[in-house]
Amino acid sequence: MKRSIFSLILFAAISVNSAAAQNSSATVIQNATILTITHGTIEHGSILIQSGKIAAVGADLKVPEGATVIDATGQFVMPGIIDCHSHIAVDGSVNEGAPAVSSMVNIGDVLNPEDVNIYRDLAGGVTAANILHGSANPIGGQTIVIKLRWGKPASELPFEGALPGIKFALGENPKHSNFGPPPGVAPRYPATRMGVEEVIRQAFTEAREYKKRWDDYNRRKAAGENPLMPPRRDEKLEPLVEVLEGKRYVHAHCYRADEILMLLRVAKEFGFKVRTFQHVLEGYKIADEIAASGAGASTFSDWWAYKMEAYDAIPYNAALMAERGVNVSVNSDSAEEARHLNQEAAKSMKFGGMSPNDALKLITLNPAIQLGIESRAGSIDVGKDADLVIYNHDPLSVYAVVQKTLIDGQVYFDRQRDLARCPELEKEKQALLEKEKKAAEAEKKPEEKPAKKPEPKKKPPKAAGGGDGSSDAAGAQ
Amino acid sequence: MTVRWMRSRIWPAFMAACGCFVLGWACRIHAEGGEPRYFAITNARVVPVSGPPIDGGTVVIANGLIQAVGSDVAIPPEAWVIDGKGLTVYPGFIDAGTDLGLAKPDGADEAAARARGRQPAPPPAEISMGPEDRPATTPWRVAADEIKTDDKRIESWRNAGFTTTLTSPEAGFFPGQGSVIDLAGDRPGDMIVKPAATLPVSFKPRGSFFLFPGSLMGSIAYVRQVFDDASWYSQAQPVYDANPNQFERPAYDHTQETISHTRERDELVLLPANNSIQILRALRLADEWKIRAALYGGQEGYAVSEAIAAKKTSVLVNLKWPERAKESDPEEEQPLRELRFRDRASSTPGALAKAGVKFGFYSGGLKEPKEIFKAARKAIDAGLATDAALRAFTLDAADILGVSGRLGSIQPGKIANLVIADGDLWNEKTKVKHVFVDGRWFEVHEPPPGEKPEEKKPERAAGSSSTAGGGGL
């Protein structure tokens with residue numbers, strides 16, 4: 001039942017979108033408790049949205065003529081939640097598992113705008129997410145930050161201007177500690193943390209040489225040298241060159257303190273920065289080193305001991321790292337967890353005594369900074385994108401339920417509308433099921449006649465054009 | 001129907017009746033006996049597709065080509081004349097996506113073949129850890145080189161009015177090049193119209209976490225790298241050839257060499273794309289890779305027809321419409337998205353036509369030709385105009401495949417591929433009576449073996465109300 005409700009919900013938003021399509025006209029959210037994150041709480045405040053941006057925030061704003069008014073009396077508005085570690089909206093596997101360096105693959109190639117988890121995340125107040133490759137390889141695939149613009153095509157999901165990233169992974173997953181290949185396939189290198197380090201070092205050595213080769217070629221070409229042998233383009237090394245040039249963020253999956261320090265050493269050696277450490281469950285042990293490196297830390301609230309390298313985790317991790325000056329966020333790494341990141345953030349008030357505002361920062365401004373999108377998201381400030389969530393209670397309360405989620409000033413989730421639309425969708429579904437059933441019955445009838453004939457149908461005709469080509473066009477690729 | 005000089009043509013009909021491996025033998029006899037090369041179909045309704053239908057028209061065939069068409073056409077004295085009264089002549093139909101003519105042994109055949117020592121056991125899955133291992137990649141294979149004349153489907157497809165197919169190797173990211181073939185010939189070589197017509201691509205991952213590419217994004221990355229490598233080869237090899245003493249030799253790589261040649265020829269790349277997400281993705285990738293591409297699958301085209309039209313991309317539409325799995329659990333949750341897709345897929349051709357997208361049809365795994373027409377009728381019921389449907393089976397398919405100068409319509413100079421039916425193509429009861437392939441005449445009037453022997457001798461009444469049979473559309 002739960003499932004069917006969600007598949008119904010899936011379509012509710014499309015109509016919501018079109019209803020809110022008048023982007024240019026103004027919208028005002030009125031009479032709300034506004035949690036700005038950067039400049040305190042405004043009681044009975046209003047937010048004016050124009051052209052998808054926050055145009056004004058305050059206690060007494062004038063409502064412009066013709067503006068759409070959202071009455072939020074008794075409700076709470078906060079910036080849209082930013083999930084710094086997500087795997088939603090991906091067509092196919094999130095891991096390209098065979099090569100130890102899979103930087104040639106790109107999550108941006110396989111965004112699936114119809115993944116219902118986008119809508120579920122919206123219902124949990126998330127407006128932007130860092131869509132990561134999995135952790136199977138020391139260097140994984142290219143990653144992308146999206147806005148959860150449910151109902152829009154894949155080309156409209158990417159967060160405009162956000163730098164692309166690349167996934168790294170340290171420890172048990174890339175060294176295949178807890179799983180292995182089937183019989184007949186050799187275990188993959190690396191099998192140790194030392195090997196993981198070597199793979200990363202090797203890849204960057206190659207990337208450096210690759211960059212040099214191209215720089216050299218371009219220089220000689222510009223000088224008019226002829227003949228010249230062009231270098232081969234390498235889709236694996238180009239993203240690593242971008243890392244070296246600071247054009248691509250490194251998001252490194254990690255657990256143990258030693259491997260984190262290792263990556264910081266390697267990064268220093270090759271002259272690149274680690275943008276975020278992901279999971280980073282032992283980050284509290286080396287918070288000073290992480291803070292000094294400038295890397296952010298994106299961790300779980302209280303999830304641990306699910307494997308050996310996660311044994312030393314503590315729920316105080318986020319608070320302790322923040323205390324030492326690390327920019328900390330709390331992420332989901334799970335389509336389920338993403339639906340209540342507000343509660344995940346609240347846990348740091350209990351474990352570590354964070355202030356409510358600092359707790360909310362863990363899922364708003366801090367991940368925005370980590371993803372380099374803080375000029376456009378993460379707080380309720382004039383000029384930022386109107387990516388907002390409206391809760392019926394204080395979002396740090398367990399009673400808080402999302403009422404509306406806005407992106408670029410458009411309502412992408414509206415709880416009341418959603419509930420109202422369910423019966424309609426259920427009706428459509430039943431009608432389609434009925435139609436299919438009738439068609440199937442009509443189909444059956446003429447076939448029954450030859451069955452009566454003495455000749456039983458013993459010759460299943462050979463498949464005509466089946467095979468890979470058509471089936472892969474017909475199904476999931 | 002009155003057909004003069006029927007004697008020597010009893011063979012094909014007989015042969016069709018007893019179903020057959022005598023095919024090759026029978027044809028050879030004709031060849032030796034000097035097969036007739038001139039025909040005239042007179043007094044028929046001619047639907048040239050390239051122009052308006054001609055009532056009481058004549059089509060003259062000479063030496064495999066259409067010599068003349070019109071209502072007032074001189075009939076060469078040497079021509080065999082088919083009285084076309086009550087019959088309609090169409091250009092031969094094109095199935096723009098099949099493996100027809102390519103041996104595809106099923107498990108049993110394979111085991112038997114192996115027992116006879118004819119074929120080695122398939123090799124274990126090759127290990128691939130990156131693009132350089134060229135997993136499941138054989139672009140140098142050309143369907144034309146592997147065509148066998150003994151595929152029984154050649155006859156059943158032809159009897160239904162298909163004179164031409166795009167036949168492609170399958171399995172793998174670059175399985176090989178597709179060929180346009182005509183469905184008649186004593187030898188495979190006679191059948192080939194265009195050997196290297198298309199370069200089909202698949203994004204279907206290898207299905208193992210431990211083999212590259214194991215994910216969709218891996219497949220796409222792989223294809224991207226191969227196109228990169230091909231471009232590089234086109235640049236690098238001439239530099240090396242001109243200066244062999246100055247540069248290190250580029251490694252020989254069959255894949256990049258083949259693909260670079262297909263790109264120099266601007267060969268049509270076929271990208272898989274069935275749902276709207278895949279379609280938009282494929283359009284983007286075609287732009288990024290700077291390839292001339294058509295899409296195959298296309299079944300959710302109704303949702304994105306404008307986007308396809310904007311890119312002026314053609315689509316080969318799979319006529320195997322999506323349906324609920326036959327043995328599916330009746331209690332299984334049916335997502336609304338799937339239900340809608342299954343309900344609307346057949347409206348895609350109509351939507352594409354409306355948006356101005358050029359499209360052809362392919363059987364996509366439908367097992368019998370009559371299912372192909374049934375599926376097309378479903379598209380017509382869902383809003384596709386019948387003339388557009390006919391174009392999709394003929395001239396538009398030919399155009400997409402780059403053979404419209406030779407196939408797809410009834411015009412002088414074109415290959416004499418014709419279907420002669422006893423009524424309108426889209427009438428369920430209409431039956432194919434004659435098929436011409438490369439000017440060779442095949443008469444169709446027996447139900448296929450195994451079907452009920454309820455022969456009401458196909459005597460064609462003008463309105464056509466005959467029984468179901470081999471030529472049923």
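This report describes a nonpolar core, a helix and a domain boundary in a predicted model.

## Basis of the model

Local features are given only at pLDDT of at least 70 and side-chain atom pairs only at pLDDT 80 or more, while totals for chains, interfaces and linings use all residues. Residues are numbered from 1 along each chain as its sequence is written, and chains are lettered from A in the order in which they are written.

## The nonpolar core

A nonpolar core is a set of buried Ala, Val, Leu, Ile, Met, Phe, Trp, Tyr and Cys residues joined through C-beta atoms within 7 Å. A residue is buried if 20 or more other C-beta atoms, placed from the backbone, lie within 10 Å of its own. The largest such core contains 242 residues, and A:I146 and B:V59 are among those with the most contacts inside it. Its largest share, ten residues, comes from helix α7 (residues 216-242) of chain B; helices are DSSP runs of H or I, at least four residues long, numbered from the N terminus.

## Helix α3 of chain A

Helix α3 (residues 193-222) of chain A reaches 43 Å from its first C-alpha to its last, close to the expected 44 Å, which is 1.5 Å times one less than its number of residues. Its buried residues include A:V196, A:I200 and A:F204.

## Two domains of chain B

An automatic or database assignment divides chain B into domain 1 (1-92 + 408-473) and domain 2 (93-407). In all, 31 residues of domain 1 of chain B are in contact with 30 residues of domain 2 of chain B, contact being C-beta atoms, placed from the backbone, within 7 Å.

Methods
Buried ≥ 20, exposed ≤ 12 C-beta atoms within 10 Å, placed from the backbone. Helix = DSSP H or I, 4+ residues; strand = E, 2+ residues; numbered from the N terminus.
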